[in-house]
Amino acid sequence: SAKYLNWPENEKFITGVVSTSPAKGVVRMGSQLLESGQKMAAMSDDQRAVMKKGQEIYSTICAACHGMDGKGSEVAGLKDTLLAPPLSGSKIINGSAHGGIYVLLKGLEGEIEGKKYEGLMIPMGGDDDEWIASVLSYIRNSFGNSSGFVEVSDVVQSRKDTQSRSTPWTYDELMGALPQYVPSSRLKVSASDKDGDAVRAIDGKKETRYTSGKFMKPGMWFQIELAEPMSVSGVTLDTRNSAADYPRGSDVTVSADGKTWTSVLTRTAEQSFAVSELSFPPVKTRFIRITQTGSADRNFWSIHELKVRLANQ
């Protein structure tokens, strides 16, 4: 109540309650509210509006099975037996944005990573694209998750990708249908600033990072060279371990020879977050360049992990 009624110094009050309460439920809920508050402060007005709508949907529909804390609700009378899988730390939720979309559109049945759940994830494809994008954006940025926002355009594309499917997914089918990525061994990277650090963005270690070494300004770029021309449809920039170091706007260009460039995507600061899913129409190319188009006078541009997504064949 203190949080949602916006009491003065509500975070200080919540912190005091969390640190002294013997009730596990109070501690979990309070910790979640504090985490949400810190994340929301770094979001744009549009992103906060999406989070609010997503939270309303989640608490009304999803929480009954997945729990208010995203850790799954126990079946009454059956200790340690959950109705639905936890969303906190979920591979489906925290991987490609299409994973959660595919599940909401078509449903999910059977065991998940070898574990059985009592409930069934029914299809919700009858809800509109904004509804699906909002609730998934909320889930991907709550319960300890920090995996970026889902765009309405992602939902539109996922509907096209799955329009012929009429049955719920199994876990193995779902994981097999999700986008595949170019192995990092097939990539060479370079950057306009601190070029020697560029390789840290593809070393497979989330604790290391590429960093510009200076505050963000328009014109900084990060370039990817593929081993040979490939059909690709996006780049993921994961900055979760340096959450405020995401690009303040991006212009993505591609080139066959590294000399003549064509723009395939422009993103504004309002569309950026700790995980930037830079999706564009499938294109065959050899070079991809991401140019940082905004400014941040207190943050470097960092990339902890980068992935190039192959176009669906």
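## Basis

The model is predicted, with local features requiring pLDDT of at least 70 and side-chain atom pairs pLDDT 80 or more, while totals for chains, interfaces and linings use all residues. Residues are numbered from 1 along each chain as its sequence is written, and side-chain values use heavy atoms, without hydrogens and water.

## Helices H3 and H6

Helix H3 (residues 45-66) and helix H6 (residues 129-140) have axes that come within 7 Å and cross at roughly 90°. Helices are DSSP runs of H or I with at least four residues, strands are E runs of at least two, and both are numbered from the N terminus. Axes are lines fitted to C-alpha atoms, for helices over the stretch in contact, with angles from 0 to 180 degrees between N-to-C directions. H3 and H6 are therefore roughly perpendicular (65 to 115 degrees).

The contact (heavy atoms within 4.5 Å) involves residues of H3 including Val50, Met51, Ile57 and Cys62, and residues of H6 including Trp131, Val135 and Tyr138.

## Cysteines

The whole structure has 0 disulfides, a disulfide being a pair of cysteine sulfur atoms within 2.5 Å. The closest cysteine sulfur to that of Cys62 is in Cys65, at 8.8 Å, too far for a bond.

Cys62 is buried, with a relative accessible area of 12%, whereas Cys65 is partly exposed at 32%. Buried means under 20% relative accessible area, exposed over 50%, and partly exposed in between, with a 1.4 Å probe and protein chains only.

## Nonpolar cores

A nonpolar core is a set of buried Ala, Val, Leu, Ile, Met, Phe, Trp, Tyr and Cys residues joined through side-chain atoms within 4.5 Å. The largest has 29 residues, and Phe222, Ile224, Val235, Leu306 and Val308 have the most contacts inside it. Strands that each supply at least two of its residues include S3 (187-191), S5 (221-238), S8 (275-292) and S10 (305-310); S5 gives the most, with 7 residues.

Beyond its neighbours within four places in sequence, Val308 is in contact with residues including Tyr181, Leu187, Ile224, Val235 and Ile288.

## Helix H5

Helix H5 (residues 97-106) is mostly covered, with 10 of its 10 residues buried. Those residues include His98 and Lys106. Their cover includes helix H4 (91-94), H6, helix H7 (152-161), helix H8 (171-177) and S8. Just after H5, Gly107 has a positive phi of about 85°.

Note on methods:
Angles under 35 degrees count as roughly parallel, over 145 as roughly antiparallel, 65 to 115 as roughly perpendicular and the rest as oblique.
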